[in-house]
Amino acid sequence: MASRQNSSMLNLGSHDVGSTWMDNADSGQLLSDTARNVFILVNHGVIGTLMCLFGTVGNCLNIVVFLRQGLRKSMNLSLFSISVSDFLGLVLQIWHNFCLNPYVGQIESPLDFMQIQYLTAGWPNVTAVRITGWTTAFMTLERCLSIAMPLKIKQVITFSRTLFIITVIYVLNVTALTPLYLSAYLAWYHNPGQNSTKLGVLFTANTLEMQGLVFIFHATLSIASFIFVLIFTAILVLKLKQKSKWRKQATHDNDQNEALSTRERKTVLLTIAVAFVLIVCYTPAVVGSITTTIAPDFGINGRQANVFHAVYSFAFLLHSTNSSINVAVYYKMSSRYRQTFQELFFKKKTNK
């Protein structure tokens, strides 16, 4: 049996620039509503949207380049998968940024943007971000294995296995949203304040339990992938230094076998660069998830909800940054990517 829940329960109510998103009678707030709106307007409405537009174009270019190179190599397939999830996440984030803009709440529209973003932008975007994190974790693990067993890596990490693992990553993260859509859905409701009917979000009677499950799944999947990326990246850095030292000191064929080839070294460096950018950009969100778990006041409905929104405006901005700058990282660090990119986009212009 569905019921209309108080929109402040999930901080989804529509709002004006000079008003609040929720009842702010509690004087314990460390950040005012006005300051929160400024953070959201700047980080989501301006900087974040510009970053997302750049990244959307960049990931389209990435997808074209990797398709041209072919996806039979596991590295290319992983980078292609990251480009797809980044593209989807950025498109969703553009819609998310629009809905969160404080001025959008003043538009006379049959849509309650602040509510519908919860199901159509916020959580779907977070899911795309998690997919990128898990794919990066798999990619760093693959590079670790390639260093540990260079002669067997092609038999261990095949195209079909890579495709299967990436498919599982997508399915697992999307399935984690099941409790959300079982407890909340889009529906028309009457807004007594504006004496109008709007499309918003309705919640079922067991919504609190289901939303709790969604957050547990999200926190577990996000933190786990982040830890894996940290561990595998650290191993890659150590192994890269070790192999480089062996290469300089190598005097026998057996020693040379322990050293990394120039091509493999470049691949490892690219993987480390991608992972390092992700670690830097994902850290605030991971810290935020841990903080929310141990300090309920720092949450979407907690006493410090305004601080929560301000902090996560930076987290979303950094997620968008991670998804947007990979095109520059690939172009700078991969000669093969750079060559294909130039063949596809630069030489065509020259020939015209």
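Tutor: For "transmembrane region", the UniProt record (an unreviewed entry) lists residues 38-65, 162-188, 215-238, 268-290 and 310-331; such annotations may be inferred rather than shown by experiment. This is a predicted model, in which local features need pLDDT of at least 70, side-chain atom pairs count only at pLDDT 80 or more, and totals for chains, interfaces and linings use all residues. Residues are numbered from 1 along each chain as its sequence is written, and side-chain values use heavy atoms, with hydrogens and water left out.

Consider the part around residues 38-65, where the chain is 100% helix and 0% strand and the end C-alpha atoms lie 39 Å apart. Helix α1 comprises residues 33-69 (helices are DSSP runs of H or I, at least four residues, numbered from the N terminus). V46 has its place in this helix and, at 43% relative accessibility, counts as partly exposed (between buried, under 20%, and exposed, over 50%, with a 1.4 Å probe and protein chains only). Together with V38, V42, I47, L50 and L53, V46 makes a nonpolar surface patch of about 500 Å² (patch residues have over 30% relative accessible area and no salt bridge, nonpolar side chains being joined within 5 Å).

In helix α1, R36 and D33 are three residues apart, about one helical turn. R36 forms a salt bridge with D33, their closest N and O atoms being 3.6 Å apart (the rule requires a side-chain nitrogen of Lys or Arg within 4 Å of a carboxyl oxygen of Asp or Glu). R36 is buried, with a relative accessible area of 0%, and D33 is buried as well, at 9%.

Terms used:
Helix = DSSP H or I, 4+ residues; strand = E, 2+ residues; numbered from the N terminus. Patch = residues over 30% accessible without salt bridge, like charges linked within 9 Å, V, L, I, M, F, W, Y side chains within 5 Å. Areas by Shrake-Rupley, 256 points an atom, 1.4 Å probe, with all protein chains shown as cover.
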